[in-house]
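Please view the sequence and the structure first.

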Amino acid sequence: MQPPLIQLVLVLAVTLSHVFGHPVNSTSDPIPSLSAAEAAVKAAADAADVHIRHLSAAEFVNHKVVGGGDWILFFGSVKCPHCQKLTPEFLKFQQRREKDFNTIGLKLAKIECTALKEICLNVQPALKFYPTIRIYKDGKFTKEYEGDDEIKLIEPWVDSWIKTQHGEGAKAMKQAEAIARAGLLLSSDSSSKINPDGKSVPINSKNIGSLLDQSSWFVKFYSPYCHHCVSFAPMWTEIAKDLKGAMNVGEVDCTVEMDLCKKYDIQMYPTVMHVGTNLEDQFQGVRTKENLMVFAKQYSKPAFKPVIPDEINTVLLTSTNPSVFYLYDHKTTPLTHLEQFAKVSATITHLHEINVCPEGPEALKLFPTLPASTKFPVLLISQGERGHKDTRVFQATMDLKTDAQRNNVRDWILKHARAVLMKLDETTSRKIMDGVNTVVLGLVKGSDEVSKKTMVDVLREAGKKWNGQSGEDSKDDDVSLVKGDWDEKKEKVVFAWIDVLQKGDYVQRAFGVDVKAAKFPLLVVVDSKEDLFYDVGVDQKALEFGSRDKVLENLDLVIKGKLVGKHANGGVGGYKMIQRWTMPFATFVKAHPLLTIILLGGVILLLFRCALAADRTAYAPLREPKAD
């Protein structure tokens, strides 16, 4: 007889397994006694299972189906109740669609994970639950079904994928992919800006913004006093020459650009990184020319990403960032329109992912605010907040025959695709608190949905107005957009919010706020360059945030230097100045540790000799003056 507590745990475990599915790493035996209904389900599954094709260990090697081909694979376990329910339905699906699938060369099979445990535990991407339905294209993993375990939902998902691989839609996707890959080659104007001379360009805090607007960069961070950097310099020159016309190459002298090197968290010299507006990827391997060239070329991105309507829907449901979509009807839109647009997207694909869908009429249904009479092609940006209901459409012509028209589209995307509001968390903290930005930060308590929504809405509206996205006095036309509202000051201001329940330790450490005692929401303006924050106004009261205009008034006071900043410990300024004084010495020490020890030893020896000489003078006997 088991104790009551153990019986309760077992009941809960069985209940959870029925609710959430069967975990992949479960090794427990099935419940020995089955009800009549459960026994019937298992019997039906066993009967159907013998008619389903099973892949063996020899047919699935290194996460791929041996021999290639297109496959729908059912990963399941005989111990899994959900798999038992799905198995007869999977067989019916196989039998019902066998003729259609044979025509296009699509095969169905099952991998029984009870027998092939090692394969299922080690397959990549890793399995989370049984059953799992995946599509393998040419033997390689392509996509995974993420809905409920019902054939009536799985079948439309499969059909949607088939549409992208066969028929007119598939042909249109392949044409779009070819144009995307050729994107940079289509624009002589854009390619001329990509490393035209085959040289490494000096980068500093003044020119980095304009350089990253052109493209992403392959960058070396170095110190002229570092002997490793001196040895590496000839190889870097060769790499810049080899990447001529393919990738921009630059270098940062960290003894001069200390703030810039701090922004990118440079810990040693030389450091090589691929740097873009939304990208920082540091090279980690052995610094051979071959390794560095492979690392550099993996970022030669296509001009845009071809997508199907289902993929657009996934972006709309999951993304919290602004998303750019170019929709066209492959039946009526000339391909020259797409080629002209590729000339634009190729110059900004490192800044924003551009999604291009050939099935415009179908994709348009995902944007209920747009009229059905919308003409194709259409360019739109969805802001990523409020379920992407805030959608902006480019109103001018999309027949981009001239440089002026293409520049107009480029400027419009750059202006409106900026994130109006971001959540500060582990994934965004470096981008937001980058050592350059001024951050308007709302501190909210996630459990209080009303006050959280109020603060988030106010910050969003303030961000829109600051970035010229509020719709006030804005008009798109055929001439290039005026740059007046795209100045350096506006570009370096970020609007964000943070949930103090998730990041309480950070909030208390950074801003000195007692999360348990304080009343939220609160508004803080952070100067990440000077490591200062501002939480009170000129009246020494908490910053007001009742409206977007109040938020912008406080931001204006900070920028004009009319408020006093402080550190979390109550101090005011000073830290950055000390850091700037000591950084050159720290850089020299890192680059030349042995020489530093020798110099310090010499200084100590000199001080010791001076002290010894002073000591002898102090105790020297006084001499009587000679008599005249």
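## Helix H2 against helix H3

H2 and H3 are oblique to each other, a class left for angles that are not under 35 degrees (roughly parallel), over 145 (roughly antiparallel) or 65 to 115 (roughly perpendicular). The axes of helix H2 (residues 36–49) and H3 come within 8 Å and cross at roughly 40 degrees. Axes are lines fitted to C-alpha atoms, for helices over the stretch in contact, and angles run from 0 to 180 degrees between N-to-C directions. The crossing of H2 and H3 is left-handed; a crossing is left-handed if the near helix is turned anticlockwise from the far one by less than a right angle, and right-handed if clockwise.

On the H2 side, the contact is made by Val41, Lys42, Ala44, Ala45, Ala48 and Asp49. H3 contributes Gln84, Lys85, Thr87, Pro88 and Leu91. Contact means heavy atoms within 4.5 Å. The residues of this contact of H2 with H3 divide into 6 nonpolar, 2 polar and 3 charged. Here Ala, Val, Leu, Ile, Met, Phe, Trp, Tyr, Cys and Pro count as nonpolar, Asp, Glu, Lys and Arg as charged, and the others, Gly among them, as polar.

## Model and overall content

The model is predicted: local features need pLDDT of at least 70 and side-chain atom pairs count only at pLDDT 80 or more, while totals for chains, interfaces and linings use all residues. Residues are numbered from 1 along each chain as its sequence is written, and side-chain values use heavy atoms, with hydrogens and water left out.

The protein chain has 23 helices and 23 strands. Helices (H or I, at least four residues) and strands (E, at least two) are DSSP runs, numbered from the N terminus. Of the 628 residues of the protein chain, 44% count as buried; buried means under 20% relative accessible area, exposed over 50%, and partly exposed in between (1.4 Å probe, protein chains only). Among contacts in the protein chain with a separation of 6 or more, 74% are between residues 24 or more positions apart.

## Helix H3 against helix H5

Helix H3 (residues 81–104) also packs with helix H5 (residues 151–165): their axes come within 11 Å and cross at roughly 25 degrees. H3 and H5 are therefore roughly parallel to each other, and their crossing is right-handed.

From H3, Leu86, Glu89, Phe90, Phe93, Arg96, Arg97, Phe101 and Ile104 meet Ile151, Ile154, Glu155, Val158, Asp159 and Ile162 in H5. By class, this contact of H3 with H5 has 9 nonpolar, no polar and 5 charged residues.

## Helix H16

Helix H16 (residues 403–416) has 14 residues, which at 1.5 Å a residue should span 20 Å; its end C-alpha atoms are 20 Å apart, which agrees. The expected span is 1.5 Å times one less than the number of residues. H16 is mostly covered, with 11 of its 14 residues buried. Among them are Arg406, Val409, Asp411, Trp412 and Leu414.

## Backbone exceptions

Most residues other than glycine have a negative phi, and most peptide bonds are trans. His63, not a glycine, has a positive phi of about 65 degrees. His63 lies in the loop between strand S2 (60–61) and strand S3 (64–65) and is partly exposed at 32% relative accessibility. Asp265 has a positive phi of about 55 degrees, is found in the loop between helix H11 (258–263) and strand S12 (271–276), and is partly exposed at 37%.

A cis peptide bond joins Gln124 and Pro125, with omega about -5 degrees. Pro125 is in the loop between helix H4 (117–122) and strand S6 (129–130). Another cis peptide bond joins Phe376 and Pro377, with omega about 0 degrees; Pro377 is in the loop between helix H15 (360–364) and strand S17 (378–382).
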